[in-house]
4 protein chains.
Amino acid sequence: MGVIVDGCPADVPIDIAEIQADLDRRRPGQSRLVTQRKEGDEVEILSGVFEGRSTGTPIAMMVRNADQRPGAYDHLKDVFRPSHADFSYLAKYGRRDHRGGGRSSARETVGRVAAAAIARRLLQDRYGVDVLGWVAQVHEIDAEVDRETVTLEQVEATPTRCPDPNAAERMVTAIEQARSDGDSLGGVVGFVARGVPAGWGEPVFDRLEADLGKGILSLPACKGFEIGSGFAGTRMTGLQHNDAYLPGHDEPALETNYSGGVQGGISVGASIYGRAAFKPTATISSEQTTVTTELEATTLAAKGRHDPCVLPRAVPMVEAMILLTLADHALRQGAGR
Amino acid sequence: MGVIVDGCPADVPIDIAEIQADLDRRRPGQSRLVTQRKEGDEVEILSGVFEGRSTGTPIAMMVRNADQRPGAYDHLKDVFRPSHADFSYLAKYGRRDHRGGGRSSARETVGRVAAAAIARRLLQDRYGVDVLGWVAQVHEIDAEVDRETVTLEQVEATPTRCPDPNAAERMVTAIEQARSDGDSLGGVVGFVARGVPAGWGEPVFDRLEADLGKGILSLPACKGFEIGSGFAGTRMTGLQHNDAYLPGHDEPALETNYSGGVQGGISVGASIYGRAAFKPTATISSEQTTVTTELEATTLAAKGRHDPCVLPRAVPMVEAMILLTLADHALRQGAGR
Amino acid sequence: MGVIVDGCPADVPIDIAEIQADLDRRRPGQSRLVTQRKEGDEVEILSGVFEGRSTGTPIAMMVRNADQRPGAYDHLKDVFRPSHADFSYLAKYGRRDHRGGGRSSARETVGRVAAAAIARRLLQDRYGVDVLGWVAQVHEIDAEVDRETVTLEQVEATPTRCPDPNAAERMVTAIEQARSDGDSLGGVVGFVARGVPAGWGEPVFDRLEADLGKGILSLPACKGFEIGSGFAGTRMTGLQHNDAYLPGHDEPALETNYSGGVQGGISVGASIYGRAAFKPTATISSEQTTVTTELEATTLAAKGRHDPCVLPRAVPMVEAMILLTLADHALRQGAGR
Amino acid sequence: MGVIVDGCPADVPIDIAEIQADLDRRRPGQSRLVTQRKEGDEVEILSGVFEGRSTGTPIAMMVRNADQRPGAYDHLKDVFRPSHADFSYLAKYGRRDHRGGGRSSARETVGRVAAAAIARRLLQDRYGVDVLGWVAQVHEIDAEVDRETVTLEQVEATPTRCPDPNAAERMVTAIEQARSDGDSLGGVVGFVARGVPAGWGEPVFDRLEADLGKGILSLPACKGFEIGSGFAGTRMTGLQHNDAYLPGHDEPALETNYSGGVQGGISVGASIYGRAAFKPTATISSEQTTVTTELEATTLAAKGRHDPCVLPRAVPMVEAMILLTLADHALRQGAGR
């Protein structure tokens with residue numbers, strides 16, 4: 001897996017340990033809750049860094065695949081796995097590499113997370129922006145989280161990455177039950193970006209929420225995105241939903257923040273927050289109906305290692321797309337704008 | 001308002017009446033439910049069309065503003081309207097044109113809808129793709145719609161653009177009540193694209209659902225997007241959610257379509273469907289708390305013409321973004337791919 | 001003709017008279033040397049400007065065609081004009097608008113010149129950059145021009161836009177002779193950008209000279225581009241050609257400037273200069289051998305109005321592409337870089 | 001050094017030996033004429049290829065630096081080399097990696113040449129396009145080359161890559177003399193693309209000659225580009241320069257080809273040809289005047305290995321940019337166009 005970060009300004013501190021730490025959060029095998037594949041995911045920096053700082057030129061990074069088992073995917077060569085990209089890739093490209101899902105595998109997010117670790121440093125150091133995600137829901141279990149005060153320590157305190165301890169415990173039980181049932185669960189990741197100054201976003205097409213949404217919806221298994229009040233806000237009235245302005249020091253303050261920190265596609269100086277929906281993992285060990293590549297009926301039951309619930313690992317992926325999108329927009333506010 | 005369509009292939013029939021028809025659906029003043037501004041929205045084609053067909057070069061279109069009332073916006077010059085883009089635009093650009101919201105006004109979608117009328121013709125003629133939106137929810141009123149069979153005629157049968165007659169009637173009542181209360185309502189637009197062949201979408205970043213989401217989230221007042229099972233799918237298990245493949249003629253068929261017609265970011269040959277959330281209109285005639293541009297407390301009540309519910313007019317806007325996104329992806333499947 | 005300028009920062013003074021002045025330099029009919037078509041070229045600003053300054057949103061401008069003569073191009077409908085784009089457009093798009101060359105006509109540069117007038121103001125006000133072009137050669141007549149001191153007044157002093165009065169006079173004679181011979185002449189435009197600070201340019205692909213070259217080579221009739229010493233520099237040795245650095249105040253000074261102000265794709269703080277080659281005008285009144293669209297042999301002699309030498313009007317076109325390219329690169333040097 | 005090729009269609013044969021062969025042509029140390037650095041340049045394919053063919057997903061390739069000598073560049077840390085990018089990179093980025101020129105080194109063209117080897121296969125197999133470059137001039141020595149018949153074998157027959165044997169011999173002498181003088185020489189690369197069908201190129205900004213020019217002008221040391229008759233054509237008249245059409249079978253034929261195979265920015269079905277100017281190598285062993293990074297006067301004489309003339313190695317670089325540009329334009333002619 002590799003990634004090239006183009007457009008990172010010069011003189012940003014690049015600490016390989018920071019990058020590795022974010023990769024470790026994404027990595028499978030962190031707990032009994034997630035897949036036990038040993039992806040060492042040791043990141044190597046190939047270019048763009050000199051004496052611990054970015055040079056302004058592209059930063060290439062690479063993670064060598066450590067734990068490949070030849071033959072592990074042979075049984076998938078002639079079958080379309082349900083709700084995977086097997087058939088759609090074949091329809092598009094006329095051929096496919098059946099070994100592990102290729103680009104449609106969540107494994108490709110290694111590159112995103114590595115790149116985002118650099119964006120995180122840039123956003124923190126230059127703009128004071130802080131991005132955090134958490135598991136807000138698994139199946140029918142909803143967590144209570146205060147987006148203004150939740151901390152990374154609270155998120156990382158449990159293997160579920162749910163900072164509501166009560167919900168977290170029930171999530172563990174539900175995920176383990178799903179695993180023993182040969183089934184899988186979906187859920188929702190919540191996120192917040194605190195400290196984003198007013199003025200980021202490029203209407204009309206590159207509105208901040210549009211680019212955040214695109215980034216997050218490009219993650220594997222993501223089926224929905226909302227910002228601010230989202231779908232729930234459609235059940236409010238304008239009088240309830242409008243965010244009254246209050247007198248502030250340099251800028252107006254917001255009495256409420258149903259807008260999610262973005263108005264007219266541009267940040268307003270309040271927290272940007274929202275949620276991302278992830279479907280239940282498609283790979284399950286129960287037997288399922290499907291067809292072969294010759295379109296004959298067959299059945300399939302996943303073997304080996306797989307996540308019964310992608311949510312805990314989806315947290316750093318969601319953070320990654322927010323970090324990359326915000327860094328992109330930050331850099332578009334240049335001398336000229 | 002103007003728009004330039006670049007990348008339209010040569011020889012697509014361009015019928016100004018078709019474009020006008022879609023613009024008329026977007027236009028205010030179509031019924032008592034929506035704002036009574038007279039936007040004639042007469043479209044003029046300036047380039048790129050010769051003898052009724054596209055030439056392959058950019059197609060410029062323009063709609064002259066017919067019903068401008070000088071002074072109508074003077075009272076908004078020194079105040080930030082709650083949940084509008086007044087402050088965010090000022091924060092970004094240092095100055096703003098207070099007359100009517102400028103680019104942050106839903107009026108800018110004239111250009112999108114005009115461009116999309118051309119995309120609609122291209123998609124229908126060359127690929128057999130048919131795109132339709134409808135009002136699926138207003139405030140607490142949910143409609144029942146069969147996405148596989150719903151027709152344009154059903155959608156256009158009521159001023160709400162809700163094809164469920166029972167729900168439509170209740171929506172009319174709710175919207176009129178909101179207007180008389182000086183309040184406003186939000187809701188949800190449902191959409192479907194039928195006939196999209198397998199193979200459209202460009203992983204990893206330009207997945208089809210990511211680009212659809214970006215397009216729709218760039219619409220004014222849109223706060224959420226979901227594809228397929230969306231947020232509701234997060235409460236299903238993998239066994240329930242996976243779409244079993246069935247033997248088909250040239251391609252596998254899907255027993256269910258919780259995926260929303262996209263797997264791994266690429267279309268699978270099933271209907272692409274989803275939903276978009278629109279917040280309640282920010283402009284309301286009730287008095288609200290806000291601040292002046294000098295950050296002093298004041299109150300504001302909207303005068304004049306405005307929509308108590310944007311949903312009926314949001315339908316052609318959502319269709320527009322789906323049409324433009326699909327046409328873009330269709331054209332990316334070229335000789336080379 | 002229309003143009004949309006996207007990315008212009010807010011608060012740039014936009015003076016329609018300045019834009020019109022640059023358009024007037026581009027316009028045919030300025031003297032007996034160039035075509036007598038009456039293109040009024042009255043520019044109209046449609047968006048993006050409020051109270052005389054840019055708002056930061058797209059600036060749309062339009063020039064209505066004033067002097068169209070229906071039927072003037074009818075005799076060209078069924079014939080391919082030599083060294084015009086008639087056949088290549090037909091090969092590409094399958095159909096073409098034969099009326100006046102369409103997009104392949106030099107008339108399309110109206111939009112470029114109008115946009116560049118805004119870039120000129122931005123570059124002058126914010127960066128102190130000054131761009132000037134001139135006619136350096138017509139056919140066999142070479143001018144002597146000091147690129148460091150030449151002024152707009154000197155360029156505009158003669159209808160040839162050649163600031164060397166002796167050469168200018170001979171050019172007039174040559175061009176008038178070509179016209180009476182039913183022939184046409186080519187030549188070279190020289191250009192300089194003075195005041196560009198060190199640090200503009202984005203290697204490896206968007207080197208400053210690469211983007212300048214692309215811009216200029218996209219002009220109609222342009223067949224060559226060189227920067228600094230260009231082709232002549234290939235006959236020098238390294239010892240002659242290297243630009244020695246001299247001690248300077250804040251930056252090193254250059255003893256010579258064979259580099260043309262760009263080293264490694266990035267500006268060095270010295271004048272950026274070069275030359276652009278324009279072929280002799282393809283439209284001539286002498287009879288020429290060609291074929292019909294049915295591929296049968298025929299002959300053609302241009303009727304009506306046409307330039308025997310495009311060079312004087314090419315000057316503002318070359319300036320336009322330099323201005324647009326430099327403004328683009330200036331704005332890419334943002335907070336982040 | 002690494003490169004990622006995005007957009008390569010699926011099912012293109014990818015032969016690592018072919019890629020290596022092109023890299024070997026670019027590599028230093030091929031003869032006594034060019035620098036003796038041992039760059040093994042062993043290419044490794046990291047992704048996008050399965051069973052010898054492209055999968056349609058990005059192809060990543062890497063070449064590990066084999067012959068690095070730590071300390072070799074220490075003496076360059078505090079000095080600006082004349083006509084190198086040392087100062088301009090520092091001005092742009094505020095810091096630089098002084099070890100070997102970084103991205104401004106011609107070494108970065110490894111990635112371009114590797115990518116172009118894939119484009120070459122695509123263009124040959126799918127479109128019958130054949131691209132060839134050669135050394136057309138070194139210092140004052142001009143070669144005679146027939147662009148329609150010249151072969152790769154003729155080009156590769158001498159270490160100069162000049163297919164005119166008489167000129168080639170004189171070039172060898174001149175280059176060796178320059179080396180022993182501590183000096184360097186520039187020159188011109190000629191190129192031809194045979195077999196390009198009519199219809200490639202995207203006016204107005206992405207004209208084929210504009211994109212070819214940008215690609216070539218982005219190469220290190222390139223100072224000029226011309227297509228067809230180029231600068232020489234400015235001394236012809238329209239009657240001489242116009243390419244008469246002749247009756248052809250399916251398309252008109254051209255009596256002459258001063259246009260260089262492109263009219264109005266679109267290919268016409270004739271050979272595309274032109275020339276690229278390369279300045280004399282900046283690195284020379286003679287002592288030169290320059291300044292330190294503290295802006296104090298000093299002198300510098302290059303030590304170690306360097307090319308007295310870059311022209312022979314520039315041939316595969318020029319070919320690479322033509323191949324990549326043509327492949328890009330080929331793929332833009334899709335189903336839609």
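Me: In this predicted model, how many of the five residues of strand β5 (residues 59-63) of chain B are buried?
Reply: In a regular strand the side chains alternate between the two faces of the sheet. In β5(B), Ile59(B), Met61(B) and Val63(B) lie on one side and Ala60(B) and Met62(B) on the other, and both faces are covered. The strand is accordingly described as mostly covered, and the number of its residues that are buried is five of five.

Me: Which residue of β5(B) is the bridge partner of Val3(B), and which is that of Ile45(B)?
Reply: Strand β1 (residues 2-5) of chain B is joined to β5(B) by four bridges, and these two strands run antiparallel. β2(B) also pairs with β5(B) in the antiparallel sense, over three bridges. The partner of Val3(B) in β5(B) is Met61(B), and for Ile45(B) the partner in β5(B) is again Met61(B).

Me: Over what arc around the axis do the buried residues of helix α1 (residues 16-26) of chain B lie?
Reply: The buried residues of this helix are Ile19(B), Asp22(B), Leu23(B), Arg25(B) and Arg26(B). They are placed on the same side of α1(B), because the arc that they cover is only 155 degrees. An α-helix has 3.6 residues a turn, so residues three or four places apart point the same way.

Me: Which residue of chain C comes closest to the rotation axis?
Reply: Chain C can be laid on chain B by a turn of 180 degrees with a shift of 0.0 Å along the axis, at an RMSD of 0.0 Å. That is the relation of a two-fold axis. The copies meet through the same surface, because 95% of the interface residues of chain C are also interface residues in chain B. At 4.4 Å (C-alpha) from the rotation axis, the closest residue of chain C is Ile4(C).

Me: What ipTM does the predictor give the complex?
Reply: For chain A, the pLDDT averages 92, and 93% of the residues score at least 70. For the complex, the predictor gives a pTM of 0.96 and an ipTM of 0.96.

Terms used. Residues are numbered from 1 along each chain as its sequence is written. Chains are lettered from A and ligands numbered from 1 in the order in which they are written. This is a predicted model: local features need pLDDT of at least 70, side-chain atom pairs count only at pLDDT 80 or more; totals for chains, interfaces and linings use all residues. A residue is buried if 20 or more other C-beta atoms lie within 10 Å of its own, exposed if 12 or fewer, and partly exposed in between; C-beta atoms are placed from the backbone. The arc is that of the directions from the helix axis to the C-beta atoms. pLDDT is the predictor's confidence in each residue, from 0 to 100. Two strands pair if DSSP finds at least two bridges between them. Copies are superposed by least squares on the C-alpha atoms of residues with pLDDT of at least 70 in both. Two residues are in contact if their C-beta atoms, placed from the backbone, lie within 7 Å.
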